[in-house]
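Reader: Can you walk me through this one? Keep it quick.

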Amino acid sequence: MADREIGVGVIGFGLGGRVFHTPFVNAVSGLRLAAILQRNGDEAAKAYPAADIVRSLDELLADRAIELVVVTTPNATHFELAKRALEAGKHVVVDKPFAPTSAEASELGRLAKSKGLLAIPFHNRRWDGDFLTVKKLIAGQAVGRLVTFESHFDRFRPVPRQGTWKEAENPANGILLDLGPHLIDQAMALFGLPDSITASVRSDRDETAIEDAFDITLSYPGANGKGMLVHCRTSYLACDKAPRFLLHGTSGSFCKYGVDPQEPALVGGATVPAQGSPEVWLQEAEAEWGRLTVASDPAAPERLVESQVKTEIGDYRGFYANVRDAILGVAPLAVTAEDGLRVIRLLELARQSSAAGCTLKVEL
């Protein structure tokens, strides 16, 4: 049974379904894009003529050939749709946020476990090339003992977009639950749970119905009082972009600008090659590689050595390949429901810290 094909049904064909999910489900061997739920329009049918196009959730969940359901719909709907899929006996991948609240995230995890199913947060940014590069540098102590780790995911959108649910007033919407899950999950994938959290969650634009900026600092204790701070920052008013990653350590620094090239390529119409094909997906241009600056002799800090660091190849196919293997029972799940719960709980603590203007102990 380990080599059987897994039928996948995708709920939604907006940006998330069209760019981040269906291309990778379709490209991973062992997965079959069986159905897409698009309530209106024929874009999904044109893009994937071999998939069934359904117009209702009941129709999709009734399909016995579908083992895995992917939820890629507005944030406020994630919990209910994921719960329905689990109740129907389907494994489920849920686009971020895993759920709008930690109580709902916890319920999804409990329900999945009770049914012997997988509830999987779509924390695909663990497969970003820049993140994989940073992970490798940290493992090799390229900057010595890490002191500060800064992660930005910025936008410049001074005027709210019209006609999109993402700008609608709802605690499930806003930049904290849109981009926050990426930054917090990456931090915890590298360093685990922090000791404390201090945050400012704001609405900076002149007119906005949502949270559109945040600064979150995670504090990690270390030996002999030598801890580390992780700064996660995002703003809709970042016209001049900050580094995507900035690491400072006892031996030097690493600075990386630009974002992983997969999303821009897909938005621009790129086709994801089938897994196992000789085509490389997707090497970042050399001009975008990060810069490592180190002092070979700490006693002579004026003598610095700079070098470019080739960006590791990012590949979101890896997320779905792992989901396939976990369902088949041949590999452990890389991103668990517990991971999703912890991310949402930290984001709730960020809101609480911001509202109270204080640092909060992290106890999950």
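Reader: What am I looking at, and how are residues numbered?
Author: This is a predicted model, where local features need pLDDT of at least 70, side-chain atom pairs count only at pLDDT 80 or more, and totals for chains, interfaces and linings use all residues. Residues are numbered from 1 along each chain as its sequence is written, and side-chain values use heavy atoms, with hydrogens and water left out.

Reader: Start with the sheet. What is the strand order?
Author: The order is S14-S13-S12-S11-S7-S10-S9-S8-S15. That makes 9 strands in an open sheet, with mixed pairing. Helices (H or I, at least four residues) and strands (E, at least two) are DSSP runs, numbered from the N terminus. Two strands pair if DSSP finds at least two bridges between them.

Reader: Which strands sit at the edges?
Author: Strand S14 (304–309) and strand S15 (360–361). Each pairs on one side only.

Reader: And what holds paired strands together in general?
Author: Strands of a sheet pair through backbone hydrogen bonds, either parallel or antiparallel.

Reader: How many bridges join S8 and S9?
Author: There are 7 bridges, and the pairing of S8 and S9 is antiparallel. Arg202 has Ala213 in S9 as its bridge partner.

Reader: Where does Ala213 go on the S10 side?
Author: Its bridge partner in S10 is Ser235. S9 and S10 are antiparallel too, over 8 bridges.

Reader: And S12 with S13?
Author: Strand S12 (residues 252–256) pairs with strand S13 (residues 290–295) in the antiparallel sense, over 4 bridges. Ser253 has Thr293 in S13 as its bridge partner.

Reader: Which strands does helix H8 touch?
Author: Helix H8 (residues 180–191) packs on the sheet and touches strand S7 (146–152), strand S9 (213–220), strand S10 (228–235) and strand S11 (245–249). Its direction makes about 10° with that of S9. Contact means heavy atoms within 4.5 Å. Axes are lines fitted to C-alpha atoms, for helices over the stretch in contact, and angles run from 0 to 180 degrees between N-to-C directions.

Reader: What about helix H11?
Author: Helix H11 (residues 337–356) also packs on the sheet, touching strand S8 (196–202), S9 and S15. The direction of H11 makes about 70° with that of S8.

Reader: New topic. At what angle do H4 and H5 cross?
Author: The axes of helix H4 (residues 78–87) and helix H5 (residues 102–115) cross at roughly 10° and come within 10 Å. H4 and H5 are therefore roughly parallel to each other. The cut-offs: under 35 degrees is roughly parallel, over 145 roughly antiparallel, 65 to 115 roughly perpendicular, and the rest oblique.

Reader: Which residues make that contact?
Author: H4 gives Phe79, Ala82, Lys83, Leu86 and Glu87, while H5 gives Glu104, Glu107, Leu108, Leu111, Ala112 and Lys115. By class, the contact has 6 nonpolar, no polar and 5 charged residues. Ala, Val, Leu, Ile, Met, Phe, Trp, Tyr, Cys and Pro count as nonpolar, Asp, Glu, Lys and Arg as charged, and the others, Gly among them, as polar.

Reader: Now pockets. What is the volume of the largest pocket?
Author: About 810 Å³. On a 1 Å grid over the protein atoms alone, a pocket is an open set with protein on both sides within 12 Å along at least five of seven lines, whereas a cavity is a set of points where a 1.4 Å probe fits but cannot get out; lining residues have an atom within 4 Å of a point. Grid points are joined across faces, edges and corners, and a volume is the space filled by probe spheres set on the points.

Reader: What lines it?
Author: The largest pocket has 35 lining residues, and Leu15, Gly16, Thr72, Trp165 and Lys166 lie nearest its centre. Helix H1 (15–27) gives the largest share, 4 residues. The lining divides into 12 nonpolar, 13 polar and 10 charged residues.

Reader: And the second largest pocket?
Author: Its volume is about 250 Å³. The second largest pocket has 14 lining residues, with Arg18, Pro23, Tyr48, Ala270 and Thr271 nearest its centre. H1 gives the most here, with 5 residues.

Reader: How many cavities are there?
Author: The count is 1 cavity of 30 Å³ or more. The largest cavity holds about 60 Å³ of space. Its lining includes Asn75, Trp165 and Tyr236.

Reader: Last one. Which peptide bonds are cis?
Author: Lys96 to Pro97 is cis, with omega near -5°. Pro97 is in the loop between strand S5 (91–95) and H5. A cis peptide bond also joins Trp281 and Leu282, with omega about 0°.
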